[in-house]
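Hello,

Here is the structure you were expecting, with some notes on what turned up in it. Please open it beside this message and follow along.

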Amino acid sequence: MDYDIAIIGGGPAGIASAIACPRDLNVVLLEKNSSLGKKLLLTGGGRCNITNNKPLKKLLNSYDAKNFLKHSFYTFTNEDLYSLFDFDFIQEDDNRIFPESERSVDVLNGLIEHLDNVEIKYNYEVTKIDAGFIINDEIKAQKIIIATGGATYPQTGCSIENYSLINEPKTKIKYGLAPLITKEDLSKIAGITLKNVECIYKKTKIKGDVLISHVGLTGPGIINLSNEISKDMDYDILDSESDITCEIAIDLVPNFSREELKNKFNKDFQKKGKTFIKNYLKQFLTNNFIEFFLKRIDISADTQLSRIDKKSKNRLIETLKRLNFDIADFNRQLAKITIGGVDLNNINPKTMESKITPNLYFAGEILDLDGPTGGYNLKIAFSTGFLAGKSASEH
Ligand SMILES: Cc1cc2nc3c(=O)[nH]c(=O)nc-3n(C[C@H](O)[C@H](O)[C@H](O)COP(=O)(O)OP(=O)(O)OC[C@H]3O[C@@H](n4cnc5c(N)ncnc54)[C@H](O)[C@@H]3O)c2cc1C
């Protein structure tokens with residue numbers, strides 16, 4: 001079987017590549033699952049946060065690889081993406097875009113409608129690509145686009161083995177957008193959300209909500225922080241022994257400086273001496289978190305403000321500004337993306353073609369590209385996917 005273009009992987013990147021291919025070309029899309037877009041269906045909690053609507057320049061600034069992504073983002077814009085669908089999109093906070101039905105299945109079906117120019121082979125796992133672009137000893141293609149995704153969330157079809165399908169240099173493969181497992185048992189306070197706090201790792205500070213889970217910490221603030229932790233640490237998913245322990249902190253009151261808190265406490269503790277600390281803290285902390293917080297700093301919940309000495313007051317301020325957590329690991333099963341991948345130094349950002357192997361293209365998460373939560377990762381998949389398909393068709 002001979003094809004002009006073979007696209008490997010039917011996720012958002014592979015689908016976008018296929019959509020970009022003109023009808024007069026003989027294109028095949030090879031997907032190992034029995035359906036396309038298994039991961040896409042899970043996105044945004046089933047609602048699909050399809051992209052982020054920040055102005056293009058600002059949007060690009062949200063990525064480490066902004067220079068690499070620039071051409072693909074200008075080639076396939078959000079407007080180009082929306083125009084593929086016959087329904088509208090809604091915008092939520094932080095410029096996050098969802099389909100108006102809030103159903104990722106509508107996005108997937110809308111994309112599939114554009115694939116009538118392409119032959120799709122389901123349940124087709126590519127296990128080898130030989131010289132001359134012979135796939136699994138039976139398919140020959142003039143050009144190949146690899147869009148096999150990352151290594152995390154293997155239940156959706158991704159696999160660490162995909163990185164060895166081809167011989168291109170790659171950077172270290174790491175967990176991204178992952179909840180964090182704490183050494184401390186937080187199960188008693190699981191379910192509590194700390195709103196608008198600041199998550200701190202070394203010098204990195206990221207604002208966002210934190211959700212306490214049975215095994216640790218999650219929510220947008222933590223998930224985004226996990227990317228910074230992962231990038232800072234020297235490890236590789238392939239090495240199962242890697243030590244991912246670290247310390248993070250949460251600033252529970254980012255809108256107050258230590259100095260402001262000190263002045264406020266000095267005034268309030270004098271004025272409201274009879275108030276119990278557990279009640280006083282309600283202005284800063286959610287109700288059911290106060291007991292845990294006070295236990296951490298060894299102050300009884302029923303202590304009156306007038307009875308809190310200077311040392312305890314300082315401890316209160318310090319812990320409000322820096323509640324420390326020892327991290328045991330990423331929650332590896334729930335890492336939403338893979339950090340690292342095919343080395344961008346060897347990919348032409350204007351075409352997505354390998355600089356090492358002519359006629360071999362890459363798109364989506366298999367590349368060393370990542371973004372924060374908020375539609376940034378699907379944006380990578382769609383834009384690099386479309387550019388790869390367009391360039392493979394033209395060149
Ligand atoms: C739970 C969850 C929620 C998410 N929510 C969001 C969100 O709301 N917004 C956002 O921007 N991002 C979100 N992401 C990230 C986003 O889903 C990914 O970045 C995106 O799917 C990557 O697209 P891709 O096409 O590169 O890879 P994938 O979506 O992983 O697709 C790769 C495809 O290739 C196929 N494949 C793999 N190997 C082979 C092979 N050897 N042969 C044939 N086929 C193969 C796989 O089966 C799969 O279908 C979320 C991720 C998860 C896990």
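First, a term for what follows: a residue is called buried if 20 or more other C-beta atoms lie within 10 Å of its own, exposed if 12 or fewer, and partly exposed in between, with C-beta atoms placed from the backbone. The model is a predicted one, so local features need pLDDT of at least 70 and side-chain atom pairs count only at pLDDT 80 or more, while totals for chains, interfaces and linings use all residues. Residues are numbered from 1 along each chain as its sequence is written.

**Two loop residues**

Tyr-153 is partly exposed, because 19 other C-beta atoms lie within 10 Å. Tyr-153 sits in the loop between β9 and β10 (174-176), and has a positive phi of about 60 degrees although it is not a glycine. Asn-136 is not a glycine either, and its phi is positive at about 45 degrees. Its place is the loop between β8 (134-135) and β9 (139-146). Asn-136 is partly exposed, because it has 13 other C-beta atoms within 10 Å.

**The chain as a whole**

The chain holds 12 helices and 18 strands; these are DSSP runs numbered from the N terminus, with helices (H or I) of at least four residues and strands (E) of at least two. Its C-alpha trace spans about 85 × 45 × 35 Å along the principal axes. Of its 395 residues, 43% count as buried. Two residues are in contact if their C-beta atoms, placed from the backbone, lie within 7 Å. Among contacts between residues at least 6 apart in sequence, 73% join residues at least 24 apart.

**The cores**

A nonpolar core here means a set of buried Ala, Val, Leu, Ile, Met, Phe, Trp, Tyr and Cys residues joined through C-beta atoms within 7 Å. The largest has 62 residues, of which Ala-6, Ile-7, Ile-145 and Phe-362 touch the most other members. Helix α12 (residues 376-394) gives the most to this core, with 9 residues. A second, separate core of 41 residues includes Cys-199, Leu-217, Ile-237 and Leu-252. Neighbours within four places in sequence aside, the contacts of Ala-6 are Val-28, Leu-30, Ile-135, Ile-139, Ala-141 and Ile-144.

**Around the ligand**

Which residues come nearest to the ligand? They are Gly-9, Gly-11, Gly-149, Gly-157 and Gly-364, out of 39 residues around the ligand (a residue counts as near if its C-beta atom, placed from the backbone, lies within 6 Å). At least two residues of this shell come from each of α1 (12-20), α2 (38-42) and α12. The shell divides into 15 nonpolar, 17 polar and 7 charged residues, where Ala, Val, Leu, Ile, Met, Phe, Trp, Tyr, Cys and Pro count as nonpolar, Asp, Glu, Lys and Arg as charged, and the others, Gly among them, as polar.

**α1 against α12**

The axes of α1 and α12 come within 7 Å and cross at roughly 35 degrees (axes are lines fitted to C-alpha atoms over the stretch in contact, and angles run from 0 to 180 degrees between N-to-C directions). The residues of this contact divide into 12 nonpolar, 6 polar and 1 charged. Among those that meet are Ala-13 and Ile-15 in α1, and Leu-378 and Phe-382 in α12.

**Ile-317**

Lastly, Ile-317 belongs to helix α11 (residues 310-321). Is it buried or exposed? Ile-317 is buried, because 20 other C-beta atoms lie within 10 Å.

Best wishes
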